[in-house]
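Hi everyone, thanks for making time. I'd like to walk you through one structure, so let's get it up on the screen.

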Amino acid sequence: MTDARACIVVPVFNHEGAIVGTCERLKALSLPILLVDDGSHPACADVLDKLSLRHTHIHLIRLAQNSGKGAAVRAGLFAAFERGYTHALQVDADGQHEVDDLPGLLESMRETPRTLMVGIPEFDDSVPMHRFICRYITHVWVWFNTLSLKIVDSMCGVRLYPLAQVAPMLKRYPCGDRMDFDTEVLVRWHWLGGDIQNHRIRVRYPQDGVSHFRLWRDNVILARMHCRLTLGMLVRAPSLLFRKRTP
């Protein structure tokens, strides 16, 4: 795909201790970076302002108030699409993803431009064990809700979205504003028959120690999402099962 134009979308919320280093490492990809400020506090907002002023390849999108990771990613994807990019590479702000593993997604983009590329995390010893175990609860729900094992990991913050296909889907199905977005967008993509390709991404838990996961709030949000997706799967089960039988 010779006319592919990719950019990087980074949702940011109070990651002033990590975002400069993250942007520095992402320079190796030679792509424009869209930083989406999800209502960060003044110290982080100031860092983001300075990054966008000092670097011509870094552009700042600012949400009026904190709306959640999903809302920030969605705003970044829409902004990328409106600016004429064909693909958007989602990367977390905290620097946990190994940048050397990202070019593989971009190379695959040129071979299969309509495919949604999804990261499969390879954790080092820094991953908290309870988080590692809890991820698999969501994985099992996703496999059940898609009647498929194609989505190996639905929680990794690295994705490469084909915008011409994903943007219209998000107009119809916003896919949650917070931690539920990453999982729901993949399930709905699968339901619509979108192709998914998985790529190994090395992950270390985050360098700035900032986690925005709120145990009770976000677990309730995720539980509601899984219930919603289960109901959606029951409606779609005949077509999903028929798809599995079709060569």
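Predicted model: local features only at pLDDT ≥ 70, side-chain atom pairs only at ≥ 80, totals over all residues.

**A quick tour of the chain**

Now let's zoom in on a pair of helices. Two packed helices get described by the angle between their axes and the distance between those axes. Here, the axes of helix 6, residues 163-172, and helix 7, residues 181-191, come within 11 Å and cross at roughly 105°. So helix 6 is roughly perpendicular to helix 7, since 65 to 115 degrees is the range for that label. Who makes the contact? From helix 6 you've got Gln-165, Val-166, Met-169 and Leu-170, and from helix 7 it's Phe-181, Val-185, Arg-188 and Trp-189. Sorted by class, that's six nonpolar residues, one polar and one charged.

Last stop: Ser-108, which sits in helix 4, residues 103-111. Is Ser-108 buried or exposed? Its relative accessibility is 12%, and the cut-off for buried is under 20%, so Ser-108 counts as buried. Setting aside neighbours within four places in sequence, Ser-108 touches Met-117, Gln-197 and His-199. With Gln-197 there's also a polar contact, side chain to side chain, at 3.1 Å.

That's my tour, thanks!

Notes: Residues numbered from 1 in each chain as written. Heavy atoms only, no water. Axes fitted to C-alpha atoms, helices over the stretch in contact; angles between N-to-C directions. Helix = DSSP H or I, 4+ residues; strand = E, 2+ residues; numbered from the N terminus. Parallel < 35°, antiparallel > 145°, perpendicular 65-115°, else oblique. Contact = heavy atoms within 4.5 Å. Nonpolar A, V, L, I, M, F, W, Y, C, P; charged D, E, K, R; others polar. Buried < 20%, exposed > 50% of the residue type's maximum accessible area, 1.4 Å probe, protein only. Polar contact = N/O pair within 3.5 Å; in protein donor to acceptor, adjacent residues only side chain to side chain.
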